[in-house]
Amino acid sequence: MIEIKGLHKSFKKLKVLNGVDLTVEDGQVVGIIGASGSGKSTLLRCIDYLEKPNSGHIRFDDVDFDVSRATKNDVNYMKSHTTMVFQQFNLFKQKTALENVMEGLIIVQKKSKHEAKEIAEKYLDLVGLSDRADHYPSQLSGGQQQRVAIARALALDPKVILFDEPTSALDPEMIQEVLKVIQKVAKSGKTMVIVSHEMNFIYEICDKVVFLEDGKVLQEGTPAEVLVHTDNERIKQFVSKVNFIETYVNQYNI
Amino acid sequence: MANVFDWKLIFTNIPELMKYLPITLEVTFISYIMSLIVGLLVALIKIHKPKGLYQLTAFYVSFTRGTPVLVQLYLTYFGIPLVLQYINYKRGTNFNASFIPSIIFALVALSLNSAAYNSEFIRAAIESVDRGQIEAAGSIGMTPWQTLRRIIIPEALVVALPSLGNALINMAKSTSLVYTCAVVDITAGGKLIAGRNYRYFEMYLSLSIIYWVITLVISIVFGILEKKSKVGEKEIVKINDRNKRIA
């Protein structure tokens, strides 16, 4: 379980996170939504410690620390138990799909080559890319690259997987194949935090939705509470602009 | 006028020169490898800009690029003994510069000279590696050192290979100056041999052929390496073939 209290992060004079509180229970799928620049990605990056937050308090299973006094151990714990899936996939260009998945297993988790290969093959199979194991990223479509990236994150068996707009850089045709894989992972009971603009998708797979505005949580609750029954004018305005209501309601008769 | 120019001598010189070739190759490769290591360190300092060290490397690169390699060879050859003398005087130690093999001076001077140039393209190559992959490596828990070794260097290498080849070619040619440090390489050896019959022109032609062959071999090897290193850039496989068939 992750419990974040009053997280602040600024880049020079620009305040991006302004005291964010966020709780992610084990096995929960949490969606973070909000306008561009509201701090969604920065929040994820702070959880993965790709960015160092300025202040706040983090409790994550075995560690419990104030970020201003974070020890090396705390930071390593955060890093090694969370893995990010990026908007731009960020696969290692010089390595094949299989090698991409094996890299962390061998280098970070010190598994034998044989064992790493077995695990990597299992996860490539899970994302439906067994037949592309020996392809380099440049030989894969965007959707396939993102699925490899998901396999790479899953293979390390982190406690939490963080998705940072996983479908924003994809062609519309390829979005579905990636969302299906993410859904499959969600159903397997993995704890996940997803930043996405795919509102229908968020609505469908998340247990909890958090709306971020100006680096603060404006509202949080079940997807229906935040996306459909909200009283907040700002969220109503946002939801109407991302054409969630029309498509979704018509399709599923909510 | 029958003997103004002796064609045959150009080629008969070569076997005799071969006994000096190991020295030339030794100086070339050892200095080259040292220049890459120092160049990588300087490049990392340039990228991360630690205080103090950064200014020091900026001075070093500026000085090295601003002075001729011949002068630098003399500076090390005369400078290192002076430094040792000074240390002896200050600390009461008893280092003796004459026990240092002269090849060491040549290696130090040539590798430091080349490293200054190398640092510049190594830095550019490292900075060309996409930030996203470095972040991905961090996200899966790799340490900065592991990321450098496993992700950044292999990828930067592809970008840097042409320049690395040039650097090796330059190094091979620069070794012809090591006579200044009393090292007898093929050029110095050739001068000694030619002194016997004053056929200097023929000798320098023989030397040209040897250097030319060395640099040709280097360019061929680097050409092959370049081809091999581009594994990640293979042409895109037609992933839509299957879809097209269905449609």
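Does A:S138 count as buried, partly exposed or exposed? At 22% relative accessibility, A:S138 falls in the partly exposed class, where buried means under 20% relative accessible area, exposed means over 50%, and partly exposed lies in between (1.4 Å probe, protein chains only). The model discussed here is predicted, so local features need pLDDT of at least 70 and side-chain atom pairs pLDDT 80 or more, whereas totals for chains, interfaces and linings use all residues. Residues are numbered from 1 along each chain as its sequence is written, chains are lettered from A and ligands numbered from 1 in the order in which they are written, and side-chain values use heavy atoms, without hydrogens and water.

A:S138 sits in the loop between α4 (113-126) and α5 (142-155) of chain A; helices (H or I, at least four residues) and strands (E, at least two) are DSSP runs numbered from the N terminus. Its C-alpha atom is separated by 9.7 Å from that of A:L91, 47 residues away along the chain. Another loop of chain A, between β6 (82-85) and α3 (97-107), holds A:T96. A:T96 is buried because its relative accessible area is 7%. Beyond its neighbours within four places in sequence, A:T96 is in contact (heavy atoms within 4.5 Å) with A:A133, A:D134, A:H135 and A:Y136.

We turn next to the interface. The contact draws 28 residues from chain A and 26 residues from chain B. Between them, chain A and chain B bury about 2400 Å², with 56% given by carbon and sulfur atoms; buried area is the accessible area (1.4 Å probe) that two parts lose on being put together, summed over both. On the chain A side, A:F92, A:Q94 and A:Q139 supply 25% of the area buried against chain B, more than any other three residues.

Chain B itself has ten helices and zero strands. Its C-alpha trace spans about 85 × 60 × 25 Å along the principal axes. The radius of gyration of chain B is 24 Å, while a compact globule of 247 residues would have one near 18 Å; the radius is taken over C-alpha atoms, and the globule rule is 2.2 Å times the number of residues to the power 0.38. Of the 247 residues of chain B, 40% count as buried. Among contacts in chain B between residues at least 6 apart in sequence, those joining residues at least 24 apart make up 80%.
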